[in-house]
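Reader: I am new to this structure and would be grateful for a close look at a single part of it. Please take one residue and describe its surroundings with care.

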Amino acid sequence: VIFLESVSSAALWGRYGYEAILAGAQDGVIDGLARDLARNWPLASIVRFDHEMNVTGGGFPWQGQDPALYRKAFRYVSHRIRQIAPGVLMHWCPQGHTREHIESFPLWYPGDDVVDLVGFDRYDLGERRSLDRAWRRPIAALRAMTHRPILVGEFGSQAPGGGRVRWLRSLARVEGLFGAIYFDIDMAAFGGGNDWRMGPQM
């Protein structure tokens with residue numbers, strides 16, 4: 001899975017954000033990525049563009065921007081990539097933690113014609129619900145919009161002790177998934193955040 005991010009910092013948003021993308025300012029970057037994927041991984045690549053876009057006040061500069069511009073930018077990026085690398089799958093992946101996030105899904109969805117996989121990101125911070133219960137609402141929201149396959153873009157657990165193991169094992173009870181990607185990274189090593197690694201107990 002390739003994380004394609006429009007900009008790396010808020011300071012660059014005016015120069016390389018959605019309006020700039022639609023004006024062609026990032027065509028070289030988009031086309032270069034597409035050529036690399038077509039040459040090296042023509043049938044085994046998934047591109048996720050500006051994930052968790054539906055979060056207000058988040059840590060990424062593209063979060064909480066104009067939904068209409070986001071949808072147009074996603075469509076633009078998808079069309080350009082597919083022209084060069086038609087075998088690449090485009091993944092649409094909002095945040096799915098809260099009811100507000102989930103209810104906003106339709107506002108941000110760019111359309112089945114430019115999306116191959118849908119999904120959401122959601123982390124367990126010690127909640128008691130199993131995965132099949134915690135993911136029921138975001139999965140239902142996706143299914144109300146589209147029949148595209150569901151790939152959960154990021155998930156991880158901070159449940160103490162054996163809670164993490166039980167939580168992860170409940171993944172087997174989740175129906176209707178194409179797949180789910182565990183965020184097996186220690187974010188503390190990058191200057192802050194949680195250690196999401198599964199560890200030897202898994």
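This is a predicted model: local features need pLDDT of at least 70, side-chain atom pairs count only at pLDDT 80 or more; totals for chains, interfaces and linings use all residues.

Author: Two residues are said to be in contact when heavy atoms lie within 4.5 Å. Is I102 buried or exposed? Buried means under 20% relative accessible area; I102 has 6% relative accessibility and therefore counts as buried.

Which residues does I102 touch, once its neighbours within four places in sequence are left aside? They are G96, R122, R137, P138 and A141. One of these contacts, A141, lies 39 residues away from I102 in sequence, yet the two C-alpha atoms are 6.8 Å apart in space.

R122 leads on to a further residue. Besides being in contact with I102, R122 is touched by W135. Not counting residues up to four places away in sequence, W135 also touches F120, V152, F155, L171, V174, L177 and A180. W135 belongs to the largest nonpolar core, which has 43 residues, and is among those with the most contacts inside it, together with F49, I81 and W92. The largest share of this core, five residues, is supplied by helix α4, residues 67-84.

V1 counts as partly exposed because its relative accessibility is 48%. With F3 and I181, V1 forms a nonpolar patch on the surface, and together they have about 240 Å² of accessible area.

Notes
Residues are numbered from 1 along each chain as its sequence is written. Side-chain values use heavy atoms; hydrogens and water are left out. A nonpolar core is a set of buried Ala, Val, Leu, Ile, Met, Phe, Trp, Tyr and Cys residues joined through side-chain atoms within 4.5 Å. Buried means under 20% relative accessible area, exposed over 50%, partly exposed in between (1.4 Å probe, protein chains only). Helices (H or I, at least four residues) and strands (E, at least two) are DSSP runs, numbered from the N terminus. Patches are made of residues with over 30% relative accessible area and no salt bridge: like charges are joined within 9 Å, nonpolar side chains (Val, Leu, Ile, Met, Phe, Trp, Tyr) within 5 Å. Accessible areas come from the Shrake-Rupley method with a 1.4 Å probe; for residues, only the protein chains shown count as cover. A salt bridge is a side-chain nitrogen of Lys or Arg within 4 Å of a carboxyl oxygen of Asp or Glu.
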